[in-house]
Every structure is written in C-alpha cells, then in structure tokens.
Amino acid sequence: MAGTKPTGTTVAEVTAELAELEDPKAREVNERHGDDHGVNLGKLRALAKRLKTQQELARELWETDDTAARLLAILICRPKVFERDELDVMVRGARAPKVHDWLVNYVVKKSPHSEELRLTWSADPDPAVASAGWALTTERVAKKPEGLDLEGLLDVIEAEMKDAPDRLQWAMNHCLAQIGIEHAEHRARALGIGERLEVLKDYPTSPGCTSPYAPTWITEMVRRRHDGTVA
C-alpha cells in the first residue's frame with residue numbers, strides 16, 4: 001500500500017545502501033557546490049523509484065541530518081501532508097543547497113501552505129529562508145500572477161538585489177528574469193534593472209546554456225518563444 005513502509009525497509013538498511021552508492025569523485029564535484037554527499041543523483045532517483053512513496057520512512061530519513069538521506073526523503077515523501085510549521089522547520093534546517101532547492105521545488109511548491117509560507121519567508125532575516133520565499137514568488141510570477149504587485153517586487157529587487165547574499169541574490173535575480181520573460185508590460189523595466197545592477201553579468205556559462213544575467217536571460221527566452229522553440 002502506497003505510503004506504508006514495507007516490512008524490512010528500515011532507515012538503517014536505506015542508509016547502508018546510500019553508503020554503498022558513495023562515490024568519492026561525485027562527492028568532490030558536489031562539495032564544490034556546497035553539497036556534502038557523494039551519491040550520483042541518477043542512482044538516488046533509481047533508489048527512490050524502487051522504494052516508492054513512504055512518508056514515515058521519509059520523515060525518519062530527514063531526521064538523520066545526512067544530505068543524501070534528506071534528498072532521498074524528499075523524493076519518497078508525500079508533499080501535501082506536511083504541516084506548515086513542519087515545513088518551516090525543515091527549510092530552516094536545510095543548509096545544503098541541493099536539499100534546500102529540492103525541498104522548495106518538490107515539496108513546498110506542492111503544499112497547501114505554500115502561499116502562507118511564501119509571505120512569511122520572503123521577509124525573513126535569514127537570507128536562505130528569504131530565498132525560499134523568493135523562489136515561491138517566482139513560481140507565482142510564472143503560473144499565478146493574479147494579485148501580485150509586480151511593480152512592488154521590482155522596487156524591492158532594484159533596491160536590495162545588488163548587495164544581497166549569494167543564495168538570496170540568485171533567487172531575486174530569477175524573479176527579475178521571470179517578470180521580464182512573462183510580463184511584457186514590465187519587460188523594459190526588468191531589463192533596465194538588470195543592466196544597471198549587472199548582477200551575474202560575468203557568471204561562467206557552459207556552451208549551449210543561457211546566462212543567468214537577467215537581460216541576456218530575458219532576451220533569449222522571449223526570442224525562443226517568438227520563434228516557437230519553447231512553450
């Protein structure tokens with residue numbers, strides 16, 4: 001039965017399997033991005049697929065405070081059953097960037113508490129928590145902008161993004177780009193803010209990838225939509 005832990009599936013067994021998947025080369029790459037684990041994400045997803053949805057096991061894996069175990073927990077949990085305060089504690093404890101990103105994108109965005117948390121987190125003094133609020137705002141900019149004060153968001157971005165800590169700055173920059181991409185009436189201002197602040201202008205970008213520099217990002221995505229190369 002989905003959501004029920006099958007006999008024999010224990011935290012000890014799962015963490016032992018994760019230990020067997022540990023790859024020193026993968027850990028070296030991950031640690032460059034602040035993620036302290038060495039499990040290939042493809043293999044982690046394959047393990048999650050085999051375990052299927054197991055909410056209680058997910059909670060137990062999260063409590064281990066191990067990065068690979070927490071990533072697996074996110075993949076096998078039921079996002080909609082977490083309480084608001086539970087998600088708040090989880091985001092505040094998710095210090096590995098990949099855990100933080102997956103938690104927000106795979107769990108919080110699907111939660112019935114996402115809007116309340118968006119409003120609470122966006123004003124939080126902890127920049128990592130605030131970045132989660134901005135990520136949820138970016139989601140609304142793209143999918144449910146009704147009721148959002150886009151001009152007000154641009155005001156905050158213009159005033160605060162330049163000096164924001166890295167993770168928060170990245171989230172605000174994503175929101176800036178999304179406003180410019182999705183809302184033609186605000187595009188000129190979004191481009192102007194990006195050009196003046198020059199945030200991520202020199203960010204190294206792999207061939208074939210779009211730069212996170214907002215003016216380049218906006219211009220490229222609008223071009224692709226005009227050409228019919230993206231939905």
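Modeller: Ground rule before we start: rings of Phe, Tyr and Trp (its six-membered ring) pair if their centres lie within 6.5 Å, with planes under 30 degrees apart called stacked, over 60 edge-to-face and the rest tilted. This is a predicted model, where local features need pLDDT of at least 70, side-chain atom pairs count only at pLDDT 80 or more, and totals for chains, interfaces and linings use all residues. Residues are numbered from 1 along each chain as its sequence is written, and side-chain values use heavy atoms, leaving out hydrogens and water.

Colleague: How many aromatic pairs does the rule give?

Modeller: Counting by that rule gives two aromatic pairs. One of them joins Trp102 and Tyr106, with 5.3 Å centre to centre and 40 degrees between the planes, so by the cut-offs this pair is tilted. As for the count, that's two.

Colleague: Which helix holds both Trp102 and Tyr106?

Modeller: Helices here are DSSP runs (H or I, at least four residues), numbered from the N terminus. Trp102 and Tyr106 sit four residues apart, about one turn, and both belong to H7 (residues 97-107).

Colleague: Is Trp102 buried or exposed?

Modeller: Buried means under 20% relative accessible area, exposed over 50%, partly exposed in between (1.4 Å probe, protein chains only). Tyr106 has 27%, so Tyr106 is partly exposed. Trp102 has 6% relative accessibility, so Trp102 counts as buried.

Colleague: Which residue lies over the face of Trp62?

Modeller: The test wants NZ of Lys or CZ of Arg within 6 Å of the ring centre and within 35 degrees of the ring normal. At 4.1 Å from the ring centre of Trp62, the residue is Arg70.

Definitions and conventions:
Helices (H or I, at least four residues) and strands (E, at least two) are DSSP runs, numbered from the N terminus.
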